[in-house]
Structure formats: structure tokens, C-alpha cells
Amino acid sequence: MAAPGRFCDTGAYLMKSHELIRELLQHANAKQLAAEMGLSASLIYKWAEPGEEGGSGSVNPLDRVEQLARLTDGTRVAQWVCACAHGHYVKNPRAHHTEGEPHSLVIASHEIIQEFADMLSTVSAAALDNKITKAEAKDIRQRWQHLQSVTEEFVQGCEQGDFGPIIEKHQQPGAHGIAKRPTTKSPFNA
């Protein structure tokens, strides 16, 4: 588990950066990596050793990325790293624990269905003229990323049997109770 106060501390088991680098080096040649990166092979090997608590390792690039994320806008750092790996970052919802009865599945399922409908509406509105502009593509991307996060929140609610965070959003002001929902211009949302 990551040290307290670290950006990537999830409260669950998280592979340490040097463990990941050690695993990566099982499938990559350290000397070749060092040559490509303009570094010494010994430094690459030190990255695969613990650097804290008396370890002989060295602060590795993953530790630096984690530090940069913690000290700045971690979401943007994560989005950039994911984009470099030809992927997309989806932020997990915060854990929410309540006492007593689990919250209503009916309201939570309504919210996730509405989010899917909003995504489809955004795509349909953009495709009406048989082309997608850069602005429309940006709106679709924003809606898709929001849908992924909301869907993850719903799935976690299913796994935990608690839809409290979704219910709380439903009770907040804003479209469908979700105040931070991306806004897109659509003829279907008049």
C-alpha cells in the first residue's frame, strides 16, 4: 500500500513503483532501455529496488510522476499519461459508507439510464448534419468521460449495495440532480 498522503493512496493494495519497474524489466532489456533513455544501466536497475527505508534504490520516474500529480492537478497528469498509452483516464468515485439501510436502487438506476440517454442525445445531435465538428467531438468526449465515471460509481454502488452518493447527487440542484454534469447544446434537451 502506498504511503499515507501520497496521491495514489487508494486504501487498497497498490503495487509500489519499484515493484512495477522490476516486473517491466522481466520483459525489457535494461541495457537497451538505458541506451534509449540516455541513462546508465545501473540507474535503471536501481529504479527496480526500494528507495525508502534503507533500500539502495533510486527515485524512479514513476515516483516523480506520482509526486507531480500530488503537487499539481493529478487528474490532468493522469489523463496525459493515459493518452500516451493510447487510453483514457476515468476517475473512480470517492468511497461512501453510510449507517443503516442501503439507498434506493430505483433512483440510482434512473440516474445511470439518464446518463446513457444524455450520451446518446449528444451523439445524435452532433450527427444530425452528417458530420462531427471539433467542438462536437470535444462535447462527445466530455460526455463520454463523465458517463464512464458515473457508470463506475453505479457499479461500485452495486458491489457495495449502497447507492448513497448517487442519491445525494440526485437531491442536489442541477440537471437530473447532478451539478457537475457536462453541458452540451442539444436540440433534444430543450
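View A. At 28% relative accessibility, Glu49 counts as partly exposed. Buried means under 20% relative accessible area, exposed means over 50%, and partly exposed is in between (1.4 Å probe, protein chains only). This is a predicted model: local features need pLDDT of at least 70, side-chain atom pairs count only at pLDDT 80 or more, and totals for chains, interfaces and linings use all residues. Residues are numbered from 1 along each chain as its sequence is written, and side-chain values use heavy atoms, leaving out hydrogens and water. Glu49 sits in the loop between α3 (41-47) and α4. Ten residues separate Glu49 from Val59 in sequence, and their C-alpha atoms are 9.4 Å apart in space.

**View B. The whole protein is built with eight helices and zero strands.** Along the sequence, the pattern reads α-α-α-α-α-α-α-α. Helices (H or I, at least four residues) and strands (E, at least two) are DSSP runs, numbered from the N terminus. How much of the protein is buried? Buried residues make up 28% of the 190 residues. Now take contacts between residues at least 6 apart in sequence: 59% of them join residues at least 24 apart. Contact means heavy atoms within 4.5 Å.

**View C. Helix α1 crosses helix α4.** Helix α1 covers residues 17-25. The axes of α1 and α4 come within 8 Å and cross at roughly 140°. That makes α1 oblique to α4. Axes are lines fitted to C-alpha atoms, for helices over the stretch in contact, and angles run from 0 to 180 degrees between N-to-C directions. Angles under 35 degrees count as roughly parallel, over 145 as roughly antiparallel, 65 to 115 as roughly perpendicular, and the rest as oblique. The crossing of α1 and α4 is right-handed. A crossing is left-handed if the near helix is turned anticlockwise from the far one by less than a right angle, and right-handed if clockwise. Which residues of α1 and α4 meet? Ser17, Leu20 and Ile21 in α1 meet Pro61, Leu62 and Asp63 in α4. By class, this contact of α1 with α4 has four nonpolar, one polar and one charged residues. Ala, Val, Leu, Ile, Met, Phe, Trp, Tyr, Cys and Pro count as nonpolar, Asp, Glu, Lys and Arg as charged, and the others, Gly among them, as polar.

**View D. Helix α4 packs on helix α5.** Helix α4 spans residues 61-71, and helix α5 spans residues 74-84. Their axes are 7 Å apart, at an angle of about 140°. α4 and α5 are therefore oblique to each other. Val65, Leu68 and Ala69 in α4 meet Gly74, Val77 and Val81 in α5. The contact of α4 with α5 has five nonpolar, one polar and no charged residues.

**View E. Helix α6 runs roughly antiparallel to helix α7.** Helix α6 holds residues 105-127, and helix α7 holds residues 134-160. Their axes come within 10 Å and cross at roughly 165°. That makes α6 roughly antiparallel to α7. The crossing of α6 and α7 is left-handed. By class, the contact of α6 with α7 has 13 nonpolar, four polar and five charged residues. Residues of α6 in this contact include Leu105, Ile112, Phe116 and Met119. Among those of α7 are Ile140, Trp144, Leu147 and Phe154.

**View F. Ile166 is buried in helix α8.** Helix α8 covers residues 164-170. Is Ile166 buried or exposed? At 7% relative accessibility, Ile166 counts as buried. Leaving aside residues up to four places away in sequence, Ile166 touches Ala108, Glu111, Glu153 and Phe154. The C-alpha atoms of Ile166 and Ser109 are separated by 9.3 Å, although these residues are 57 apart along the chain.

**View G. His86 and Asn130 have positive phi values.** Most residues other than glycine have a negative phi. Phi of His86 is near 60°. Asn130 has a phi of about 65°. Where do they lie? His86 is in the loop between α5 and α6, and Asn130 is in the loop between α6 and α7. At 76% relative accessibility, His86 counts as exposed. Asn130, at 74%, counts as exposed too.
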